[in-house]
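Here is a friendly walk through one protein model, taken a few residues at a time. Keep the structure open beside the text and look up each place as it comes along.

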Amino acid sequence: FGIVGKRNLLTIPKRPLVGTIIKPKLGLETKDHAKVAYEAWFGGCDIVKDDENLSSQSFNPFEERLIQTLESRDKAQGETSERKVYMINITAETQTMLKRAQAVVDQGGEYVMVDILTCGWSALQTLRDQNFKIVIHAHRAGHASFTKNPFHGIAMKPIATVARVIGVDQLHVGTVVGKMSETKAEVIENIAACKSDLGLLKPVLPVASGGLHPRLVPALIETFGNDFVIQAGGGIHGHPEGTICGAKAMRQAVDAILFGKTLEEYAKNHRELALALKHWKS
């Protein structure tokens, strides 16, 4: 799809995409999962995704979650007149993963999420080679076991490059702010691996995730530009007035920067952002 293809899909020509992860990571029953997803979309999120360790547990089986959460997506789209997408985690043994991807297509889904290091390069390539008309969001769960030690292992840059060659559309690359520990130089290198000229290969959309909240939006846009996904979990659901207001606050923070205003200035006329800035002081 490339960055342009995803922007066309969502009809968002310029601004950063705003997404959330359903929290808590595990434990929500299907109906509660779908409810939180609806609230996030209704509040202003473009994207809702599963967490990396949510697969098809008995309390939230894959098929039921797919159907009910896409129903929430459709409801939110109708009420907001904005395109919304759901990144359901299809990670599994390869044949199961392919069946899940087909189910997403059959139900009218447009995105899937894959833990690319869990399933492996071959399974990822098999998935992409099916030519499903779906965006593949790549989660790098487990990367720290070999990217964090500077004396041995594999850096994130070649991992990002291989994932791009295989055909993912979005990839977690870390953040300079928040709770993730990568340096600014490392994050910029990862972004470059996603966007640099590689001939016919389309650029991949970088994803910032890990301890993000509205107060960090200016620093994120300074590092990433506009072509990236702000993926915030607790920074949306942890808003003092809940998920809907948390999603509104995140969108307001993005709008403030795009309008050339400081967060504090914009918050004077946007209550949700004002509450978020008071809650997340640094």
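**A guided walk through the model**

Asp 51 is buried, with a relative accessible area of 4%, where anything under 20% counts as buried. Keep in mind that you are looking at a predicted model. What does Asp 51 pair with in a salt bridge? Its partner is Lys 23, and the closest N and O atoms of the two are 2.7 Å apart. The two residues come from distant parts of the chain, 28 residues apart: Lys 23 sits in the loop between strand 1 and helix 2, while Asp 51 sits in the loop between strand 2 and helix 3 (62–80). In general, side chains of opposite charge can pair when their charged atoms come close.

Stay with Lys 23 for a moment, for there is something else to find here. A cis peptide bond, with omega about 0°, joins Lys 23 to Pro 24. Pro 24 also belongs to the loop between strand 1 and helix 2.

Now move to another salt bridge, the one between Arg 15 and Asp 46, whose closest N and O atoms are 2.7 Å apart. Arg 15 is in the loop between helix 1 (2–10) and strand 1 (17–21), and Asp 46 is in the loop between helix 2 (30–43) and strand 2 (47–49), so the pair ties together parts that are 31 residues apart in sequence. Are these two residues buried or exposed? Both Arg 15 and Asp 46 are buried.

Lys 35 is partly exposed, at 48% relative accessibility, whereas Glu 39, at 18%, counts as buried. Some salt bridges share partners, and in this way Arg 15, Asp 46, Glu 82, Lys 84 and Arg 251 are joined into one network. How many salt bridges does the model have? The count comes to 17.

Next, look at two places where the backbone has a positive phi. Thr 11, in the loop between helix 1 and strand 1, has a phi near 50°, a positive value in a residue other than glycine. Thr 11 is exposed, with a relative accessible area of 56%. Ser 81 is not a glycine either, yet its phi is positive, at about 60°. You will find Ser 81 in the loop between helix 3 and strand 3 (85–89), and this residue is exposed too, with a relative accessible area of 69%.

Helix 3 itself holds Leu 70, which is buried, with a relative accessible area of 4%. Which residues does Leu 70 touch, leaving aside its neighbours within four places in sequence? The contacts are Arg 65, Tyr 86, Gln 107, Gly 108 and Gly 109. Ala 123, on the other hand, is 53 residues from Leu 70 in sequence and 25 Å from it in space, C-alpha to C-alpha.

Finally, turn to helix 12 (residues 243–258) and its packing with helix 10 (residues 217–224): the axes are 9 Å apart and the angle is about 55°. That makes helix 10 oblique to helix 12, and the crossing is right-handed. Helix 10 brings Val 217, Pro 218 and Ile 221 to this contact, where they meet Met 250, Ala 253, Val 254 and Ile 257 of helix 12. The residues of this contact divide into 7 nonpolar, no polar and no charged.

Helix 12 also meets helix 14 (residues 271–279), where the axes come within 8 Å and cross at roughly 95°. At that angle, helix 12 is roughly perpendicular to helix 14. Here Cys 245, Lys 248, Ala 249, Gln 252 and Ala 253 of helix 12 meet Glu 272, Leu 273 and Ala 276 of helix 14. The residues of this contact divide into 5 nonpolar, 1 polar and 2 charged. Look again at Ala 253 of helix 12: this residue is listed both in the contact with helix 10 and in the contact with helix 14.

Terms used
Residues numbered from 1 in each chain as written. Predicted model: local features only at pLDDT ≥ 70, side-chain atom pairs only at ≥ 80, totals over all residues. Heavy atoms only, no water. Salt bridge = Lys/Arg side-chain N within 4 Å of Asp/Glu carboxyl O. Helix = DSSP H or I, 4+ residues; strand = E, 2+ residues; numbered from the N terminus. Buried < 20%, exposed > 50% of the residue type's maximum accessible area, 1.4 Å probe, protein only. Axes fitted to C-alpha atoms, helices over the stretch in contact; angles between N-to-C directions. Parallel < 35°, antiparallel > 145°, perpendicular 65-115°, else oblique. Left-handed = near helix turned anticlockwise from the far one by under 90°. Contact = heavy atoms within 4.5 Å. Nonpolar A, V, L, I, M, F, W, Y, C, P; charged D, E, K, R; others polar.
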